[in-house]
Protein chains: 2
Amino acid sequence: MFDLDFRSRKAIYVQLVDKVKQLIIKDVLKDDEKLPSVRELAQQLTINPNTIQKAYRELESQGYIYSVKGKGSFVHPSKKMENVEELKKVREQLKKLLAEAIYLGMTAEEIESLINEVEGGQQDD
Amino acid sequence: MFDLDFRSRKAIYVQLVDKVKQLIIKDVLKDDEKLPSVRELAQQLTINPNTIQKAYRELESQGYIYSVKGKGSFVHPSKKMENVEELKKVREQLKKLLAEAIYLGMTAEEIESLINEVEGGQQDD
DNA sequence: AATACTGTACTATATATACTAATACAGATA
DNA sequence: TATCTGTATTAGTATATATAGTACAGTATT
C-alpha cells in the first residue's frame, strides 16, 4: 500500500507522511478509515515502529489523522478551512512555487489546467 | 543581502539556494549580474566558504547561475523552457501542492489570484 | 613576473538529525 | 487474562550538515 524508496535521500518518515497525505487527499483513504497499526505497518515495510510513529505524529499535528490509544490511527474527516495554520504554510509554499514555475516558463493557462486536473480528484502521480 | 536563520532546522545552504532563487525570479538580481564571491559572502554571513560553494553548486546545477573559474558566479539569463529537467520537477511539486491546497479549502479562484499576483513579479514575501 | 583576486577540490572533524533497537507503560477489546 | 492498540524513553549507529585548513587552477592588475 505504501511503497517507499529506501535509496532516496528523502527521510523515510517524510516519504510516509507524503504518501498518506496523498492518499487522504485523493480520497483513497476515506474519512475515519483505520490506518495500519504502527507495528503492523512497520512489519510490512520492514522498518522500525518508531519511524512509523514519527510519521503518524507528524500527520496528526498537521491535522490529517487522529490517534486513539488502544484503538488505532484514523483519517481525520476534512473540515475545509479548519486547519488554518497548515493552510497558511501551504499558501506561502504555493506562492513561491508558482513564481518559480512561471519563471521557468509555465504559463498561467498551463497552471490552471493543472488545477482543473487536480480538482477532479482521484488522479495518480 | 541574504539574511539567514541560523536557528532554523533548514540547512543553511538550502536557505541560501532558496534566497538566491527568489531574488533571481523577482528580477532583483539581473541577468549576468555578478554574485558575491564565495569567500566574500562567507565573510559577510560569517559562515564557511564551503557552505557557500555548496549552495552555488546547487544553483548552478539547477540552471540559475553559472560560474567561471577566476572570474566569479553570475546570474544565468533565463531562457524560458530551457531547463526542462527542473521544470519537470517543479510541475510535479506544483501538482501535489495544488491538490493539498484544494484539500485544505483553497478555491481555484484564490489560486488564480495568487498566480496573477506572482505574474507581475517584484512582489515580496 | 608577481600579486591578489576568482572558483574548485580534497581531507578531516564536530555536531545534528534520522533511523534502528529494545523496553516499558497505558488504554481498548475479546 | 491475553492481546491488540498508541505512546514514551533511552541508547547506539549512520548520514547530513557545517566547519577548518590546505591546495590548485584560471583571471586580472600592477
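Predicted model: local features only at pLDDT ≥ 70, side-chain atom pairs only at ≥ 80, totals over all residues.
Chains are lettered from A in the order in which they are written, and residues are numbered from 1 along each chain. Local features need pLDDT of at least 70, side-chain atom pairs count only at pLDDT 80 or more, totals for interfaces use all residues, and hydrogens and water are left out.

Start by colouring the two chains separately. You will find 40 residues of chain B in contact with 40 residues of chain A (contact means heavy atoms within 4.5 Å). About 4300 Å² is buried between the chains, 70% of it from carbon and sulfur atoms; buried area is the accessible area (1.4 Å probe) that two parts lose on being put together, summed over both.

Next, select Lys95(B), Tyr103(B) and Leu104(B): these supply 17% of the area that chain B buries against chain A, more than any other three residues.

Now show Glu110(B) and Arg91(A), whose side chains form a salt bridge at 3.0 Å, N to O. Here a salt bridge is a side-chain nitrogen of Lys or Arg within 4 Å of a carboxyl oxygen of Asp or Glu. The rule finds six of them across this interface.

Switch to a cartoon view and pick α1 (12-25), α4 (84-104) and α5 (108-119) of chain B, the elements that give two or more residues to the side touching chain A. With 16 residues, α4(B) gives the most. Helices here are DSSP runs (H or I, at least four residues), numbered from the N terminus.
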